[in-house]
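Grab your viewer and a pencil.

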Amino acid sequence: MQTPGEFVSGQVRSVREKVDQLAETVAAEAQQVSAVRSQVGEYIREQRSAARVSLRELARTAGVSNPYLSQVERGLRKPSAEILAAIARGLKISAESLYEQAGILDRRAGNPDTVAAIRSDEHLSERHRAVLLELYETYVREHAAARGTAAADAPGTTQDHSAGEPPAPHPSKESA
């Protein structure tokens, strides 16, 4: 039989262990948030450089202060969805791409280079980019499902495609 002092000591130990576990979880999540902030800021900086837009000009067109945008690019601030949309407009890129970088939106299926190429093509309107991305993602999903079925039917007979690129459509599959 435990004495009241032993019981309390056991409870305190249990609570300390739980607090330590929660502290580790919070620290890991804080690192993850910091990494996402840094990632979205780096992406904004890359897009701004590619568009040859100064920090000052982007801040003006996005309607944010110069210091705030600088802090976003350095990963010191986490911009809201509205600010990301304004930055995207200023960069003339899809807000969806910034939302993905910020972890607000799930990443699209497929090769990231192909998705980036579609998003960065200045000859396409936002609507055309969205339609192309949706079609591309659909083809990638269908190909993955077909590969999964083929692998289940005949293991070892699926073809590998470099860098996750889907193959050209096969005529017999088009008519099916």
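This is a predicted model: local features need pLDDT of at least 70, side-chain atom pairs count only at pLDDT 80 or more; totals for chains, interfaces and linings use all residues.

Numbering runs from 1 along each chain as its sequence is written, and side-chain values use heavy atoms, leaving out hydrogens and water.

**Exercise 1.** Work out which residues of helix α3 are buried and where they sit around the axis.

*Solution.* 
- Take α3, residues 66-73 (helices are DSSP runs of H or I, at least four residues, numbered from the N terminus).
- Tyr68, Leu69, Val72 and Glu73 come out buried (under 20% relative accessible area, with a 1.4 Å probe and protein chains only).
- Looking down the axis, these buried residues fall within an arc of 140°, so they line one face of α3; the arc is taken from the directions from the helix axis to the C-beta atoms.

**Exercise 2.** Describe what flanks α3.

*Solution.* 
- At the start, a side-chain oxygen of Ser65 comes to within 3.1 Å of the backbone nitrogen of Tyr68.
- After the helix comes Gly75, with a positive phi near 80°.

**Exercise 3.** Decide whether Arg48 is buried or exposed, and list what Arg48 touches.

*Solution.* 
- Arg48 belongs to helix α1, residues 4-50.
- Its relative accessibility is 13%, so Arg48 counts as buried.
- Skipping residues up to four places away in sequence, Arg48 touches Val53, Ser54, Leu55, Leu58, Glu73 and Leu91 (heavy atoms within 4.5 Å).

Note on methods:
Buried means under 20% relative accessible area, exposed over 50%, partly exposed in between (1.4 Å probe, protein chains only). Helices (H or I, at least four residues) and strands (E, at least two) are DSSP runs, numbered from the N terminus. A polar contact is a pair of N or O atoms within 3.5 Å; within protein, one must be able to donate a hydrogen and the other to accept it, and residues adjacent in sequence count only if both atoms are side-chain atoms.
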